[in-house]
Structures are given as C-alpha cells and as structure tokens.
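Hello,

Here is the structure for your files. Please look it over, then read my notes below.

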Amino acid sequence: MSRRGAVPLALGLAILLAMAFLAVAAPLLGGDRDPGLILPAERALGPSFARPFGTDLLGRDLFTRVLYGARVSLLVGLGVALAATAAGTIIGMIAGYVRGLDGVIMRLIDGLMSIPPVLLAVTLMAVMRGSLWNVIAAITLAELPRVARLARASVQTVRGQIFVQAAIVSGAPTTTILLRHILPNIAASLFVQASFIGASAIMLEAVLSFIGAGIPPTIPSWGNIMAEGRSLWQVKPHILAFPALFLCVTVLGVNLVGDALRDRFDPRGA
Amino acid sequence: MLGYAIRRIAAAVPVAFCVALLVFALLYLAPGDPAAVMAGDAASPADIEKLRIALGLDRPFLERFLHWLAGLAHGDLGTSVFTGLPVSMLIGQRVLATAMLMLTAMLISGAIGIPAGTLAACRPGGIADRAVLIGGVLGFSVPVFLIGYLLAYLFAYRLGWFAVQGFTSPFVDFVGFLRTIILPAATLAFAYAALIARITRATMLEILAQDHIRTARAKGLDEAYIVIVHGLSNAATPILTIMGMGAAVLLGGAVVTETVFGIPGLGRLTVDAVLRRDYPVIQGVTLFLAFLFVAINLLIDLLCAAIDPRVRQ
Amino acid sequence: MPLLDIQDLHVAFGGLPAIEGLSFALEAGETLALVGESGSGKSVASLAMLGLLPASARVTGAVRLDGIDLLTLPPRERQLRRGRDIAMVFQEPMTSLNPVLSIGRQLIEGLPAADRETRQAARARATDLLAAVGITAPARRLDEYPHQLSGGMRQRVAIAMALAGRPRMIIADEPTTALDVTVQAQIVALLRDLQEATGVALLLISHDLALVRQMARRVVVLYAGRKLEEAPADRLFAHPRHPYSAGLIAAIPRFGAGRGARLAEIPGTAPGLNERGPGCVFAPRCPQAAAICASPPPATGVACHFAGGAA
C-alpha cells in the first residue's frame, strides 16, 4: 500500500479500536455510575473534573451515557453492515445470474432506492415498536438496495469472464459457480461497500433516535442523548455537543478505513 | 431529443408504480398493527377493531392497494388521522419550505462543489485538491445535527446574523427568507457539496486527460475556456447524475435540518406524523417525496440528454 | 531562414531522456517526415514544439519559428501561436474530437478573430473549411456531432480544424494510422492537395515508410530519442546510410499497400528510457555493431561510426 493511504488507515483503525474499547469498558470507565441513574439535584451541569461531560436534564452523567451510547452505535454499524451486505449480495447475485428474475428484482430495487434511506427507515420505524433490533432491521432494509445493485453489476461483469464461462460450460452447478467462482471475485468491492454502509448506518441510527423514531429513550444512544439536549441547545450546548462529537469521530473512523480499503482493493470504485 | 424524452418518461412509470407499491406494502407488511399503535396502549381490543374497520384495515391487501391507488390518481392521498385534514392539503402547506430549502442547498453546493472539484482536478496535489479530499471525508462524517447546531449557535444565537428558527416565504419577505433559509441550506449543503466536489474532481481528472482536450490545447484555446467549455461539458453528465442520486442525501437531511431549525416543511411533517403514528400522512409524504426524487432524476436525465448528444441516441 | 528551426532539442521526464539533441529545419511549404518506431520520441518532439507536454517534462534547446524561440516565449504568447502558426492533426480521430460539442462549434472556436466577426461569417468560414477537406453537405455537418461521422470523416474534420487558424505549418502525427486502407489513401491525397492549394508546410510524423515515401521531400530518422540520419527522401530510400534506416527500408513490403510487421524484421526491441548509454543506441540490434559502437557516434551527419564507408 502507498504511504499516502497508510496514515488515514491507521488513524481510522485507531479511532475504531478506541471506540470499541470505550464501549466494552463503559461500566468500568463510567465509574460505578448507572447510565440511567437520575440525580435531580445535579441537573444540566456543565463539564467539570468529576463529570467530564456534565449531566443531562435529569441529572444523569453524560460521560457514562455517551460511553454506553458507543455500544449502540457500534452494534448498529456492525449489524447493519453484515445484514445488509449478506442480504443485498444474495439478492444481487440472484438478479445478476438468473436472467428471468433480473427485471422484477431490479424494478423493486429501483423503487426502494427511490425512497431516500432516512425516509424509508423513518417510515418503517413508524410501524414497528422502537427497539434496537427493529432499528437494525429498518436501516438494513434502507441500505440493502445499494448492495444489491453493486453485487448485481459485479456479478454481470465477472460472469462474462472466461473462467466463469468455462465453469458454466463444464456443467458446474449454479451454486458452485456463484459461491466458488463469482463470490470471491466480487468480495473485495462488497467488503469496501460494507464499511461505508456501516458508517451510514451509525449516522442513520443517530438520526432516527434524534427525531424520536429510533431506539427507546430508556437506552442511552447518541441520538437519544442529543434528542434530550435539543430543547436547551442554546443554553446547555454540551448535552448535544459530546454525543455529536463522538458520533462524528466514529463515522470519520469508519469512513477513513473504508476509503483506505477502497484505494487498496477497489481503486476504480468512485 | 423528443423521442428520448418520451422513452425516458415512459421508463419512469414502472418505477413510480413500484415506489407506490413498496410504500403501501411496507406499511402493510411491517410487523405491527397500525390500528393498535394508533389507538394507544390504553385502548380495548374492541376499540382497536373499530378503528381497524374505520380505516379499512380489515379489507384484503389488493383491495386496499387498488383503493389507495384510485385515490392517488385523483390526487387523494387520504386523510390525516390526527388533524382530520386531507394529506394533500398538509403537503401543500409544507412543500414550499422544503422546496426552497432543497433548492437553496443545491445552489450553494453546486456553487461550491463544482468549482472546487474543477480546481482540484486542474492542479492535482494543490490546495483545492487537498481541500476536496479532506472535505470529502468530513462531508460524509460530520452529522447534520452537529453542523446545524454549530452554525445556529455561532451565526444565529451568538452573532445574531440569521434567524434561529422558522421559515419566511420568499414571496412575502425576501430578506426575511434569506435570514431563515441560509443557515439550514448551508447545513444541508455540507455533505452534498462534498459529494459534488468529489465526483467533479474524479470526472474532470479523467476528462482533462482525454485526447480531445489535447486537440483543444493544440488549437491555441485559452486554458480556462478549455477547462470550462470542453472539460465541464463532458463532465456534466456524470456530475448531474450523481447530483440526482445524491438528492436522497438532501431529502434525508431535510428531515433533520427542519427539526434543528424548526422549519415547517415536509421533513418536519414526516417526523410529527411518525411520532403521532399518523399512518395516512406518513404514507402520503413518503410517497410524495419518493415521487419527487424520481422526478428530480428524470429531469436530470433530460438535462443530460440536452447537454450530451450521445445520451440522446 | 527556414520556417521552423529546431536546435539541439532535449526532453526528459523525471531525469530520463526521451529526446536527446534533436536538430532539423523545415522550409516554408515543405513536407518533412519524422520517422521512427513507437517510443522513438517522435510524438514527444511534436508536443514539445507546441508546448503541450506536461509540466513534469524538462525541455531544453530551441524551437525557432521565423527566428523566434517558442521555448522562451511566455506561456500566454505561446498559446496564441498554437493553431495560428503551428496546427496539429492527431492520430486517433475517434477520440481527438470533443464528443459533446458540435462540429461547427469546434471549428469556429479555432478561427482567428478576423474570421468570426459575425456569426454568419464564422459559419460561412467553417462551411468552407469542411468543403475544403471534401466533406459533402458541409453546412449541414456543422450542427452534427463527432459520433455521427465515420473515422475518415472525423479525420477530415480534424484536418479542417487544423486549417481553421490559417497556420503556416501543420504537424500531422500518424494521421492515417487509425484508418482503413482505402480511407488512408483518401486522407493522403487530401493532405497533398491542401498543401498545394494553401502552401502550408507539413511535418509528417509516421512509422509508415510507404506513406512517407508518397508524401515527404526530406526525412529525419529518429530512434530511441536520437536523430540517426537526415536525407532527402529519394536518396534515403535508394541509399540509406544508417544501418537502422537500411533495416527499416528493407522491411517495406515490396508490393501491395499492406501494413503490418515491417519493423519486426529488425531483431530485438528499442531501448527503454533508462537503457540509453552514451554509445550508439542502435548498436544492440545492429548487424554491423562493433567495439567502437560503445563510444558516442559522430555528432554531425549520419550518427554511425561506419556511415562514411557503408554508404
């Protein structure tokens, strides 16, 4: 890899490792504080030595809550990246390989892509009860069309190549061709795409929770914390600022890793 | 050109139908009973059943879908459960603010993104190039809330240059309009401008290396003329196409931006409807915005065909 | 004074020499051919004359047009001379025209200000140019786009564009290589007719010796960035003095207009940019190579230690 790409990659990985550490170690780092512990006497305090991020409107410790929020964000990012990539790849491979289904599947995918992801996820959350798993499911559905399109396009490119044609002619079963010959050749671009989907999912979860259509308010997520700080953003900006900053840094980390992966594995990808 | 326009519009019809089907089916298939959610936790099973019948939720899928579709054909998007007003009327009241927000954001992003990306491509490794690369990463990483609140805090709350909240129609008070629209539009433009700058840079790098640019230079043309007329005319199609796809970023961002800046637009309408579980409104607004997205991309395809004769073939 | 006088031109990319000490002159109205294989530096030389090489290229020496050294001119003045004094026709007609601008627009933008005082005058001049290169229904073609034309037609348009600036010389870089054989003959005839009609000087850059024989009065043979021999065409083809020239000419098919493996008959390949020593660059492939060839060949005349005796 070029030196130019090495620094951002290292930075991105360092950010993600740090976030993962904070998320796992939240109960230890947050002291003996429960992220849900309400202390009415300590409402909306600014940052101080004892409480580095201050407290929210109910007197809950923001540092602890932001650390716990990392758990939600990383889980959503990873969960959606895996689920959307897996489902999208299967759909895209079927569309790209089985000519008869291509038209129908791609019309539906086009239709799904016409609904902006945020809107699609918000709409889905309206009918589902707010829970972590439902949020992951809704965002997965919103991100899935992008993967399906990429997978289909990649399959169509690869299936025209000689070695795949040879495998088809030699009578190899379709599943063997798809899994042995095609999947390994499109895996790199899907992997790169998965990282960007992870970044987008983390952002989307925060948006959903911020507007009140995401994770239940009882679970501290960055979007939820920001939603609580919304009404007092002029006078108590710290409630918004810390989760927003963590969100920003985390997404930046994922994007840096994604960019580096793309430069390395898929330089033609835009 | 006319032939292409007709073919392209005809191709948009099945997509629009699929969108309608999906919007309807998603709310139908999603695990959850709209009637139960709407009625609230305190409602008795009998109340829920009554609501279900009132909403027509007891009818089979196809019948409900066709009924809904027939309504759509007449511009009837249903009636808001919460306000009792027609959804089309609610959309009509809100559409101006969102349209102005998106249009202003598009103007700002284009005015920044296209020159920045072009400069970056003209001088690889230069200041503009670095700015576009860094801006590209930041644009996709900094959440809309953060930019929105940051801009609002600095320029509206602290400096008082702009309005903190609300929206004024440009047809009522243009200065007031600018005072309310610039910050949210700039917020929304951030990611979109990064996207445009990035694609402009990549496309222009490719085009400026093409043979016909060398021909243009051999003719003794001005370098600025070559870059703008010969370069950008070739780059227009990919840039516009990405702008069209990226309109999803704008539409999604509008939901957040309108919340942050208290703008009574379609994004805010969606959020309120979601919080109130006002299904007809959710369905109507989602469909409207999806159609808007399809229409924007249709328009952009026609624009590309007008610019690039090869597309028309 | 010759129209174009190139003295000791050197071009290097990243310290590696692409052209070393190239000198030749072109008289007004004359046709000179610059002959060499791909990689010999002939296209680099033409781009260096126009000042179209990337900024990373180091160009030294002198390219004098009417006694004025183009290499020392400020970029802006040099730009104004492109197309007006020296115009260029490129090899690849499929890609050398802008696909999204109409033929008329691309012709008109290259006209001198005097030729486009009004829209009508500009269109009339553009129509004349298309007619001059033998395009039928020229007025209608102005509003068409390159993809609507065949390769031969596009090359005619490219030639019309080169003529648009009323240049005194045209550099034609492999103008027929990308075309079908029958179309090649038409383009050759066109270039000759135009030269007779307008008196424009032609610097023909080619690896196609059959074409060179038809068109050029004098020939410069270029190999691995160095000039090996310069001679009037008649004499070169009858009595090549450099072994490389002899090899090239021996490889011309004796009958038929076929193209193909002419150069493959000299064994080996030309040295890369980083493989060129001070001695004769052709020595590794030369049937006459001897120990003396490791020392620099004569700087004037034919660049061969044996040229005197071998002639």
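A salt bridge here is a side-chain nitrogen of Lys or Arg within 4 Å of a carboxyl oxygen of Asp or Glu. By that rule, 1 salt bridge crosses the interface of chain A and chain B. A:Asp259 and B:Arg198 meet in a salt bridge through their side chains, at 3.1 Å from N to O.

This is a predicted model: local features need pLDDT of at least 70, side-chain atom pairs count only at pLDDT 80 or more, and totals for chains, interfaces and linings use all residues. Residues are numbered from 1 along each chain as its sequence is written, chains are lettered from A in the order in which they are written, and side-chain values use heavy atoms, with hydrogens and water left out.

**The interface**

Chain A brings 47 residues to the contact and chain B brings 51 (contact: heavy atoms within 4.5 Å). Together they bury about 4100 Å², meaning accessible area lost on being put together, with a 1.4 Å probe, summed over both. Carbon and sulfur atoms hold 76% of that buried area. On the chain A side, A:Leu119, A:Val127 and A:Trp233 supply 16% of the area buried against chain B, more than any other three residues.

**Chain B**

Chain B has 13 helices and 0 strands (DSSP runs: helices H or I, at least four residues; strands E, at least two). Its C-alpha trace spans about 80 × 55 × 35 Å along the principal axes. Of its 313 residues, 53% are buried, that is, under 20% relative accessible area with a 1.4 Å probe, protein chains only.

Best wishes

Conventions: Buried means under 20% relative accessible area, exposed over 50%, partly exposed in between (1.4 Å probe, protein chains only). Buried area is the accessible area (1.4 Å probe) that two parts lose on being put together, summed over both.
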